[in-house]
Amino acid sequence: MGGSRSRGLVECALISVLVMAIEVAQTSSANMFKPFNVSYDHRAIIVDGKRRMLISAGIHYPRATPKMWPDLIAKSKEGGADVIQTYVFWNGHEPVRGQYNFAGRYDIVKFVKLVGSSGLYLHLRIGPYVCAEWNFGGFPVWLRDVPGIEFRTENVPFKEEMQRFVKKIVELMREEMLFSWQGGPIIMLQIENEYGDVESSYGQRGKEYVKWASQMALDLGAGVPWVMCKQPDAPDNIINACNGFYCDGFKPNSYNKPVLWTENWDGWYTTWGGRLPHRPAEDLAFSVARFFQRGGSFQNYYMYFGGTNFNRTSGGPFDITSYDYDAPIDEYGLLSEPKWGHLKDLHAAIKLCEPALVAADLPQYMKLGPKQEAHVYHVDFDIEGLNLTQYRSGSRCSAFLANIDERKAATVTFLGQTYYLPPWSVSILPDCRNTVFNTAKVGAQTSVKMVDFDLPLFAHFSAQKQSMIHNGVSYISKSWMTVKEPIGVWSENIFTVQGILEHLNVTKDHSDYLWYITRIYVSDDDIAFWEEKEVRPTLTIDSMRDVLRVFINGKLIGSVIGHWVKVVQPVQFVKGHNDLLLLSQTVGLQNYGAFFEKDGAGFRGQIKLTGFRNGDIDLSKSSWTYQVGLQGEFLNIYTMEENDKAGWSDLTLDAISTTFSWYKTYFNSPDGTEPVALDLGSMGKGQAWVNGHHIGRYWTLVAPKDGCQRICDYRGPYNSDKCTTNCGKPTQSWYHIPRSWLQASDNLLVIFEETGGNPFDISIKLRSAHIICGQVSESHYPPLWKWSQSDFNASILINDTTPELHLRCDDEHVIASIKFASYGTPQGSCQKFSKGNCHAPSSFSVVSEACLGRNSCYIGISNTVFGSDPCWGIVKTLAVEARCMSSSNNVGALQL
Ligand code: GAL
């Protein structure tokens, strides 16, 4: 079969071994490396005496479970990362002042050890302000209550608290031997986060705070470099780094500092009711290649794995529970293709250049055309005076050729040879001669994830489970129980005061919910007045955030959603006493901006009732009763132990769509190892728990109908509105339930629903890359791993330059069928392939033989592989669409 071979099982086994090795190592302490020092010069971070070009992968440990960590780290390493980067989440580690939590998803020591034992380095961004779309930017909410405190400025109480926490973390890392000089993985730290964005709002005190924070950090004697991102006035011993979609023009504030990119935004976050952002792989690769082209030396993907905002950790306002971020590893821990694979190729290309990149102090610039340029890394010579032979004589040389034209391709001449550059692309030439990679030429496969079952996956379910499948959806349960959440007061733990208290001052963020309850007296005269004048009284509130629900006499009469918006809500009262209840809700606390701790939540300004006979009633001065939270939350009725405390009754079909209700059911886990998603698309807004684990807020808010692009053109500068999807659909309907939170059967699912929904339609689904496609032509570059560096001169070598098409299913999945295969001139893209005029008859059999039944396979793109040339003189392409299936399924069912 010529060049068609399969490495699938071997590859799969290797990854499993790596994951197991990491797991074994996780308990052993330190000495993951021989102790080494880290410093830097103007060109790069210097690791153990050597300048390095470093690729870093952002993974925030609490956005995954400890069980997921080894696999995420292994996939980062396989994707070409040298470093894992994470923030430290203060409010997770110190939920109550002085009471620390370093367990479970907050077991940062375990996470760092896993990174180290896998041979990767770690960049620890302590902050402790982190932004990160994380509740309150990572600050504990109790910090607001420290007397006299002002955040992130020259303020003694704040500085004391900040120093105490930063010191705690540095000491913990030192005790656990996690710094590089102790044999641990930590090579770099970060203090503060993008303070430069807000510094001017703090005047002189802001400047002093920067100096203090830097000195405080340095004085901790951690022994590795500190970074401040977006901090143009970072002092001498702290490296100021760049964050953004592109950082290739960035210059640090001193010649002694290297060019670091702490956040390359490879996607973006979204809010409830928002569209889903996507950043194309070609543009992302372009930004990274441009960065290394123009002198960069450390680049981190923010995020490489985004994960999930479990619990109430999402920031805001209104950040959704998923933090997928369109990252190379998706929210569920599966590879996002072609992003992951394209970047893997890019990283391999950069690695081939590393010897030249670190040897040269500066790249040399060559203009190649109006919008085309080369940067050459070369040690010995001045390139202008060089001739071709000298170049090829083996002195170390790597070059990047860029075409920054957004529309047109260009053919350029570089050192006597011509190169074709697609628009908005960079070609990488590790030996200044051979192109090994171009950012706009994607050879990696595409994967289409499914969170639904196709028929064959029904095999996962027992007969009993199958009976719950209707119209292709498996409902999680046929029997549900329900209990109503009281409207208003439910405990003795209430108090009454004159006036409106600020929301967070009352809840301390122990719950999203705060009830404000007052009583309004309505006279006969008022009623007569309204009838006569044909007016309705109206509740007005100067300003509120995030969600308000208005109840009169126990009935929900209106809801308002917004971020500091005015409320004008017509109301209807009966004669006599009326109970007016305002339920104020937060949906993620502010995480960005100057003075954001002063933002608070709930209401601002005046609250009044207009339209009364005797004039407006100023409710801001009335007497209000306060009730924090929900009864169900405080009784912990979502836990296995406490759920019986509620008076559950059977839910009947006619009672489903009620407001303010709790629902519970038990369900069995789907078999297999695929990630599990809960489809809450039939519900309104609320929170969900599985076996007592809070899987997050949910909200079926729909994205605007318009503003999504039919075609996503990678060319030209990216912004987060550029390639959005999901218009007119709920922003999020699937919620990740980590496998480690599930047991085989009788899993308790508890839901609190505010607005009404149908629990009978809640379903559970498995997520996997069900459809995979590849499209590689004879003009593609050969696989990166085939290149090697020659030992005795600086050239790079390759034996066989045949391009290859690679296909790979998720772990423990195999290629079950080939839906399309054509070697020739196939048209279209994944799921829409069709044969062109030229088609090799052997296409299907060659691909089937190489791939069927295997986890991964690869096929050479050459006439030899397909038996003969199907159309002489024409550039041929191989396009394949295949289906993956869990390998635990019956192999007899492979042919779908
Ligand atoms: C940056 C910030 C990150 C994150 C990002 C947006 O400005 O440093 O923490 O919030 O924006 O995802």
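**Cysteines and the ligand site**

Me: How far is the sulfur of Cys229 from the closest cysteine sulfur?
Reply: The gap is 9.3 Å, to the sulfur of Cys131, which is too far for a bond. A disulfide here is a pair of cysteine sulfur atoms within 2.5 Å. This is a predicted model, where local features need pLDDT of at least 70, side-chain atom pairs count only at pLDDT 80 or more, and totals for chains, interfaces and linings use all residues. Residues are numbered from 1 along each chain as its sequence is written, and side-chain values use heavy atoms, with hydrogens and water left out.

Me: Is Cys229 buried or exposed?
Reply: Cys229 counts as buried, at 1% relative accessibility. Buried means under 20% relative accessible area, exposed over 50%, and partly exposed in between (1.4 Å probe, protein chains only).

Me: How many disulfides does the whole structure have?
Reply: A search finds eight. One of them joins Cys397 to Cys432, with S to S at 1.9 Å. The torsion about that S-S bond is about -75°, so the Cys397 and Cys432 disulfide is left-handed.

Me: What does the pair of Cys397 and Cys432 tie together?
Reply: Cys397 sits in strand β14 (residues 397-403) and Cys432 in the loop between β17 (425-429) and β18 (437-438), so the pair connects parts 35 residues apart in sequence. Strands (E, at least two residues) and helices (H or I, at least four) are DSSP runs, numbered from the N terminus.

Me: What about the link of Cys708 and Cys727, left-handed or right-handed?
Reply: Right-handed, with 95° about the S-S bond. Cys708 counts as partly exposed at 28% relative accessibility, while Cys727 counts as buried at 18%.

Me: Changing topic: which residues come nearest to the ligand?
Reply: Tyr87, Ala132, Glu133, Glu194 and Tyr325, of the 15 residues around the ligand. A residue is near if one of its heavy atoms lies within 4 Å.

Me: How far is the ligand from the side chain of Glu194?
Reply: A ligand oxygen is 2.4 Å from an N or O atom in the Glu194 side chain. For the Asn193 side chain, the distance from a ligand oxygen to an N or O atom is 2.9 Å. A backbone N or O atom of Ala132 lies 2.7 Å from an oxygen atom of the ligand.

Me: How much of the ligand's accessible area does the protein cover?
Reply: The protein covers 95% of the 310 Å² of accessible area that the ligand has on its own. Those areas come from the Shrake-Rupley method with a 1.4 Å probe.

Conventions
A polar contact is a pair of N or O atoms within 3.5 Å; within protein, one must be able to donate a hydrogen and the other to accept it, and residues adjacent in sequence count only if both atoms are side-chain atoms.
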